Amino acid sequence: MTSFQTLFTRLKTELQKSIVGYDVLLGDVLVAIFSGGHVLLEGVPGLGKTFLVRTLSQVIGLEPGRVQCTPDLMPADILGTHIVNENEQGRRMMFFEKGPVFKNLLLVDEINRATPKTQAALLEVMQERCVTTGGERHMLPEPFFVLATQNPMEMEGTYPLPEAQLDRFMFKIKVPFPDLDSLVEISRRTTGFQEPTLESILTGPDLMKLQRELAETPVAEPVARYASQLILGTHPETPGVLPEIQRFVSYGASPRGLQSLIRGARVWAAVQGSTAVSTDDIRAIAHVSLRHRIILNFEGEAQQIRVDDLITKVLDQVKTPAQQAA
């Protein structure tokens, strides 16, 4: 796994030629990609979320696509549509014109501006990695990732993602505002005419090979039980949960949240140079895996309870196998 550590560091270093700061964010995005999961990036406009996707596609060697969501965007605009065209014999026939989703790395910009109908069209794409239209199934290229962005500030004219759709994202990553030093560095790098030349470090087949290898990282039974206890600790109906969970939470994290914890922890363990997953690896990615899967009730929303704080309290409450043995 030392070679993977080196590769991971190289990828981050290459990305940081163009992207200032965001060390933790870049690490989380790369962990999701090596786990084969989709990512939801949340932050105010102008923080470089869309630029991140373009840079990622160059460094990882994937073909990028982009969908700019607006309320009048229709499913056919992103999936593709049948058009009438002439074949080689001059006969008119229906041909499927592929939409922008038929790329390796799809940026769905401002996903909460798309209508529920268009958001739902992305569900099959994200889960089944194919498009069904006119009775035909069209497989998407492999590997395939969706990186969606949303602006948490402006709620007017937006359609919040339903819970079932949020659950399809492996991680929800918050994009913080840069600090003073980062802002100064951004002004240096981005106000001239020259852009840094980025090296393509991986290819699609290489990435898929690494994904298969990382998916075989062993997870001991006590570690899997600990991750499962964390999931149960977010459900208000579970006996012995935190009073805050009972009071403020409507629904806890789903089994898909557990899958995200295990898959992400496998990659995180490899990044740390470990040969097996530990509880520390589970804890390291708990917030990005669970923050969009815990649904607050009316009182929680009214009191503006932060889901991240609830996750931290659950992590403090649930004992690790080592703590149980002590």
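Student: Let's start with helices. At what angle do α9 and α11 cross?

Tutor: This is a predicted model, and in it the axes of α9 (residues 221-232) and α11 (residues 255-271) cross at roughly 140°. The axes come within 10 Å.

Student: And what does that make α9 relative to α11?

Tutor: The angle makes α9 oblique to α11, because only angles over 145 degrees count as roughly antiparallel.

Student: Which hand is the crossing of α9 and α11, left or right?

Tutor: The crossing of α9 past α11 is right-handed.

Student: Which residues make the contact?

Tutor: On the α9 side they are A224, A227, S228 and I231. On the α11 side they are G257, L258, L261 and I262. By class, six of the residues in this contact are nonpolar, two are polar and none is charged.

Student: Now α2 and α3. How far apart are their axes?

Tutor: The axes of α2 and α3 (residues 49-60) are 13 Å apart, and the helices pack at an angle of about 55°. That makes α2 oblique to α3. The crossing of α2 and α3 is right-handed.

Student: Which side chains meet there, and what classes are in the contact of α2 with α3?

Tutor: From α2 there are L25, L26, V29, L30 and I33, which meet L52, L56 and I60 of α3. The contact of α2 with α3 has eight nonpolar residues, with no polar and no charged ones.

Student: Staying on α2, where is S35?

Tutor: S35 belongs to helix α2, which spans residues 23-35. With a relative accessible area of 13%, S35 is buried.

Student: What is S35 in contact with, apart from its neighbours in sequence?

Tutor: Beyond four places in sequence, S35 contacts M170, R263, G264 and V267.

Student: What about D109, which is in contact with C69?

Tutor: D109 is in strand β5 (residues 105-109). D109 is buried, its relative accessible area being 9%. Leaving out neighbours within four places in sequence, the contacts of D109 are T50, R66, V67, Q68, C69 and T149.

Student: On to the backbone. Where is there a cis peptide bond?

Tutor: Between E142 and P143, where omega is near -5°. P143 sits in the loop that runs from β7 (136-139) to β8 (145-150).

Student: Why bring that up?

Tutor: Because most peptide bonds are trans, and most residues other than glycine have a negative phi.

Student: So which residue has a positive phi without being a glycine?

Tutor: R129 is one of them, with a phi of about 55°. R129 is placed in the loop between α5 (116-128) and β6 (130-133). At 26% relative accessibility, R129 counts as partly exposed.

Student: And Q304, what is its phi?

Tutor: The phi of Q304 is positive, about 55°, and Q304 is not a glycine either. Q304 lies in the loop between α14 (298-302) and α15 (307-317).

Student: Is Q304 buried or exposed?

Tutor: Exposed, because its relative accessibility is 67% and the cut-off for exposed is over 50%.

Student: Last one: where is S274?

Tutor: S274 is in the loop between α11 and α12 (279-284). S274 is partly exposed, with a relative accessible area of 27%.

Student: How far is S274 from T217?

Tutor: The C-alpha atoms of S274 and T217 are 9.2 Å apart in space, while the two residues are 57 residues apart in sequence.

Note on methods: Residues numbered from 1 in each chain as written. Predicted model: local features only at pLDDT ≥ 70, side-chain atom pairs only at ≥ 80, totals over all residues. Heavy atoms only, no water. Axes fitted to C-alpha atoms, helices over the stretch in contact; angles between N-to-C directions. Helix = DSSP H or I, 4+ residues; strand = E, 2+ residues; numbered from the N terminus. Parallel < 35°, antiparallel > 145°, perpendicular 65-115°, else oblique. Left-handed = near helix turned anticlockwise from the far one by under 90°. Contact = heavy atoms within 4.5 Å. Nonpolar A, V, L, I, M, F, W, Y, C, P; charged D, E, K, R; others polar. Buried < 20%, exposed > 50% of the residue type's maximum accessible area, 1.4 Å probe, protein only.
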